[in-house]
Amino acid sequence: MTMTEQAAVPGRQVLPAEERYAVELAFLAAYDDGPRPPGWALTPRAVVTFICGSDGETLELPASRRVPAGDGPRPPARLTVASKFVGERALVERCVVTLAGERGLLLVGEPGTAKSMLSELLAAAVCGTSALTVQGTAGTTEDAFRYGWNYALLLAQGPSRQALVDSPVLAAMRAGRVARVEEITRCLPEVQDALVSILSDRRLSVPELAGTADALVAAAPGFSVIATANLRDRGVSEMSAALKRRFNFETVDPIADADAETALVRGQATAVVERAGAAFTVDDAVLDALVTVFRDLRSGRSAEGWDVERPGTVMSTAEAVQVAASLGVAAAYLPGGDVLDQVPGHLLGVVRKDDPADHARLLGYWDGPVRRRAEDGSAMWRRLWDLRENLR
């Protein structure tokens with residue numbers, strides 16, 4: 001997950017990764033002139049550095065590679081590359097190797113573990129764009145993976161290249177870029193299987209254009225597919241064995257280190273509140289307590305080793321960010337009272353999303369770890385224990 005703030009651009013709330021980090025991408029393209037797979041904008045090593053950062057080291061461009069000003073961003077002579085993903089470097093390296101081998105990559109895991117963000121960062125670094133994306137839903141059709149038609153042109157002149165409307169996947173095939181499929185398991189199985197021949201044969205036939213040069217589209221070097229799947233979500237469709245074999249599976253786990261998760265929540269929430277036009281003023285102690293609650297409920301065990309009944313709702317880092325951001329916005333625009341007083345209400349809103357019985361599980365957590373920490377003398381947890389009535 002990223003902690004780097006994005007530049008403000010009038011009219012757009014969020015920038016794609018290739019624009020948000022354009023300077024870093026330009027710098028790394030000039031900095032590492034080693035071998036790169038066909039069609040790649042960066043070397044595999046530079047892709048890993050872009051996502052994982054340079055470990056605090058300031059990288060310096062050799063004088064011979066300093067790029068004069070042009071249409072794109074001019075890379076600086078020196079740059080410290082920030083880490084954008086909190087997770088194992090080995091995971092990122094395996095993802096990069098998979099894409100370099102032109103094999104499909106499937107990122108799986110619980111909701112809120114930054115699978116989509118990692119997919120976006122990989123696509124931006126590998127091919128310069130993360131925009132060739134299909135959002136999987138129960139209503140997604142094969143056209144999203146194959147092609148459609150401009151029906152006005154189709155009726156006027158019949159099947160032709162001009163009337164053909166490329167899907168994001170077909171556009172990626174033509175250009176040798178990375179296509180992204182979000183929530184692939186939310187697509188119906190027969191729709192998912194439209195990818196089987198594409199990933200196997202690396203070509204797509206257009207029967208309506210039979211007899212013309214456009215009847216067969218071959219994938220250009222560099223084409224690959226990154227898909228994501230929340231396997232715990234309701235409403236998912238099982239992938240066929242044939243499709244599974246065409247992907248390398250990589251599991252993105254929740255953040256293991258509590259301090260790293262707290263820092264990420266702080267950075268992400270700060271960025272959200274600043275986009276809302278205010279400063280983030282939530283106390284660090286409140287954030288520490290918030291992240292502790294999420295981690296306890298997510299794992300089913302407190303940091304002290306006490307058993308906790310896990311709610312059915314996934315207590316993800318992404319949800320923690322949203323709660324922290326809500327606290328920050330409330331503190332900025334609706335001041336008055338202690339921001340800690342709002343924590344139980346926000347937590348109740350999170351756990352009630354899936355299972356009404358989770359309300360009782362949250363109360364059980366308050367009667368367990370929260371009460372025991374309060375009895376141990378912590379003023380913060382004592383105040384949270386006093387707020388138990390807010391969970392009714």
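**Stop 1: strand β10**

Start by selecting β10: seven of its seven residues are buried, so the strand is largely enclosed by the rest of the structure. Buried here means under 20% relative accessible area, with exposed over 50% and partly exposed in between, using a 1.4 Å probe and protein chains only. Helices (H or I, at least four residues) and strands (E, at least two) are DSSP runs, numbered from the N terminus.

Before going on, note that this is a predicted model, where local features need pLDDT of at least 70 and side-chain atom pairs count only at pLDDT 80 or more, while totals for chains, interfaces and linings use all residues. Residues are numbered from 1 along each chain as its sequence is written, and side-chain values use heavy atoms, leaving out hydrogens and water.

Now show the side chains of β10. Ser 224, Ile 226, Thr 228 and Asn 230 are buried on one side, and Val 225, Ala 227 and Ala 229 are buried on the other, so both faces are covered.

Which strands pair with β10? β3 does, in the parallel sense, over five bridges; β7 also runs parallel to β10, joined to it by four bridges.

**Stop 2: helix α4**

Next, select residues 89-100. This is α4, twelve residues reaching 16 Å from the first C-alpha to the last, close to the 16 Å expected at 1.5 Å a residue. That expected span is 1.5 Å times one less than the number of residues.

Color Leu 91, Val 92, Cys 95, Val 96, Thr 98 and Leu 99, the buried residues of α4. Look down the axis: they fall within an arc of 160°, so they line one face of the helix. The arc is that of the directions from the helix axis to the C-beta atoms. Following α4 you'll find Glu 102, with a positive phi near 55°.

**Stop 3**

Pick Ser 167, in the loop between β6 (164-166) and α7. Ser 167 is buried, at 3% relative accessible area. Where does its side chain reach? It gets to the backbone oxygen of Phe 145 at 3.2 Å and to the backbone nitrogen of Leu 170 at 3.0 Å.

Then jump to Gly 176, in the loop between α7 (168-175) and β7 (178-182). Gly 176 counts as buried, with 2% relative accessibility. Leaving aside neighbours within four places in sequence, Gly 176 is in contact (heavy atoms within 4.5 Å) with Gly 39, Ala 220, Pro 221, Gly 222 and Phe 223.

**Stop 4: the nonpolar cores**

Finish with the largest nonpolar core, 40 residues, where Phe 294, Val 343, Leu 347 and Trp 366 are among those with the most contacts inside it. Such a core is a set of buried Ala, Val, Leu, Ile, Met, Phe, Trp, Tyr and Cys residues joined through side-chain atoms within 4.5 Å. Helix α12 gives the largest share, eight residues. Zoom in on Trp 366: not counting residues up to four places away in sequence, what it touches includes Pro 344, Leu 347, Leu 384 and Trp 385.

A second, separate core has 39 residues, including Phe 27, Ile 51, Leu 118 and Leu 121.

Key
Pairing = 2+ DSSP bridges. Polar contact = N/O pair within 3.5 Å; in protein donor to acceptor, adjacent residues only side chain to side chain.
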